[in-house]
Amino acid sequence: MIWDDAVSWVTLASLLQFTAFVYIEDFLYYQIHKVFHVNKTLFSFVHGLHHSIKRPVALAGHYMSASEFFMIGGTVVITPFLIGAVTTMFGYPVHYFVLFIWIVFRNWEAAEEHAGFEAPFLIAKYFIPGYDGPSFHYFHHLKVIGNYGAVTAVHDRIGNTVSRGYDEHLQRMSTSK
Ligand SMILES: [Zn+2]
Ligand SMILES: [Zn+2]
C-alpha cells in the first residue's frame, strides 16, 4: 500500500498547491490592480484600455494593453513558481498537470467573470470559497472603483474596497432565487 499512500499524498499536495495558487495570485492581482486605479498615469497608459469596455463580454477578459498583459499575466505565471519553491523544499514540486489545470482555469475564469451573466452552472462557485461569480468583476467595470480581486472578493473585503452597491446586489440575487 506504499504506492497508494504516495499517490494520495501527491493528490493532497496538488490540491493544496492549486488552492494556494488561487488565493496568492488573487492577492498579487488585487495589489497590482488597485495601484492601476489609484495611480492616474498607470490607469491612462496601462489599464485604461481594459476599462474602455463598460459592459464586458467573455473575450474582454483578455482585452488589455501589452504592458498590462505582462504584469497581470506575470502574476498568473509567477505564483506557481513561488508556491513551487516552497513545496519543493518539502518534497512536492508542482506537477505539470497542476500547472496545466491552473493555466486553463485562470483563462476560463477570466472569460467567465467578463461574461456579463450568471450562468446556471458555474463550476468555480462550488469549490472556491469567496468566489461570487461574474457579477463581482461586472461591478468593477460598472463602478470603476472597488472589486479589484482577480477571482474572489476576499481581499476586497479585507481591504475594505468592495464596490458600492455590490453587497446589496448580492442580497437581491439571493432573495430572488
Ligand atoms: Zn480595473
Ligand atoms: Zn475586466
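**Overall fold**

Mentor: Read along the sequence, the pattern of the protein chain is α-α-α-α-α-α-α-α. Keep in mind that this is a predicted model.

Trainee: How many helices and strands does that come to?

Mentor: The protein chain has 8 helices and 0 strands.

Trainee: And how compact is the protein chain for 177 residues?

Mentor: Its radius of gyration is 17 Å, close to the 16 Å given by the globule rule for 177 residues, so the protein chain is as compact as a globular protein of that length. The C-alpha trace spans about 55 × 40 × 30 Å along its principal axes.

Trainee: What share of the residues is buried?

Mentor: Buried residues make up 31% of the 177. As for contacts, take those between residues at least 6 apart in sequence: 52% of them join residues at least 24 apart.

Trainee: Let's switch to the records. Which residues does UniProt annotate as "transmembrane region"?

Mentor: An unreviewed UniProt entry puts that annotation on residues 6–24 and 63–83. In the model, residues 63–83 are 86% helix and 0% strand, with the end C-alpha atoms 28 Å apart.

Trainee: Where does UniProt place the domain feature?

Mentor: "Fatty acid hydroxylase" is the domain name in the unreviewed entry, and it is placed at residues 19–161. Over that range the chain is 65% helix and 0% strand, and the end C-alpha atoms are 23 Å apart.

Trainee: Now H3. What span should its 24 residues have?

Mentor: At 1.5 Å a residue, H3 should span 34 Å, and its end C-alpha atoms are 35 Å apart, which agrees.

Trainee: Where does H3 bend?

Mentor: At Thr 75, by about 30 degrees. Thr 75 is also one of the buried residues of H3, along with Glu 68, Met 71, Ile 72, Thr 79, Pro 80 and Ile 83.

Trainee: What follows H3?

Mentor: Gly 91 does, with a positive phi near 90 degrees.

Trainee: On to the inside. How many residues are in the largest nonpolar core?

Mentor: It has 17 residues, and Tyr 29 and Val 151 have the most contacts inside it. H1, H3 and H4 each supply at least two residues of this core. H1 gives the most, with 5 residues.

Trainee: What is Val 151 in contact with?

Mentor: Leaving aside neighbours within four places in sequence, Val 151 is in contact with Val 22, Asp 26, Glu 109, Ile 128 and Tyr 131. Another core, of 5 residues, lies apart from the largest one, and Phe 136, Tyr 138, Ala 153 and Tyr 166 are among its residues.

Trainee: What happens just after H6?

Mentor: Val 144 takes a positive phi of about 65 degrees. Val 144 sits in the loop between H6 and helix H7 (154–158). It has 13 C-beta neighbours inside 10 Å, so it counts as partly exposed.

Trainee: What about Asn 160, what is its phi near?

Mentor: Phi of Asn 160 is near 55 degrees, a positive value in a residue other than glycine. Asn 160 is in the loop between H7 and H8. With 7 C-beta neighbours inside 10 Å, Asn 160 counts as exposed.

Trainee: Last topic, H1. Is Leu 15 exposed or buried?

Mentor: Leu 15 lies in helix H1, residues 2–38. Leu 15 counts as exposed because it has 12 C-beta neighbours inside 10 Å, and the cut-off for exposed is 12 or fewer.

Definitions and conventions. Residues are numbered from 1 along each chain as its sequence is written. Chains are lettered from A and ligands numbered from 1 in the order in which they are written. This is a predicted model: local features need pLDDT of at least 70, side-chain atom pairs count only at pLDDT 80 or more; totals for chains, interfaces and linings use all residues. Helices (H or I, at least four residues) and strands (E, at least two) are DSSP runs, numbered from the N terminus. A residue is buried if 20 or more other C-beta atoms lie within 10 Å of its own, exposed if 12 or fewer, and partly exposed in between; C-beta atoms are placed from the backbone. The radius of gyration is taken over C-alpha atoms; the globule rule is 2.2 Å times the number of residues to the power 0.38. Two residues are in contact if their C-beta atoms, placed from the backbone, lie within 7 Å. UniProt positions are given in the numbering used here, feature names are shortened, and annotations may be inferred rather than shown by experiment. A nonpolar core is a set of buried Ala, Val, Leu, Ile, Met, Phe, Trp, Tyr and Cys residues joined through C-beta atoms within 7 Å. The expected span of a helix is 1.5 Å times one less than its number of residues. The bend at a residue is the angle between axes fitted to the seven residues ending there and the seven starting there.
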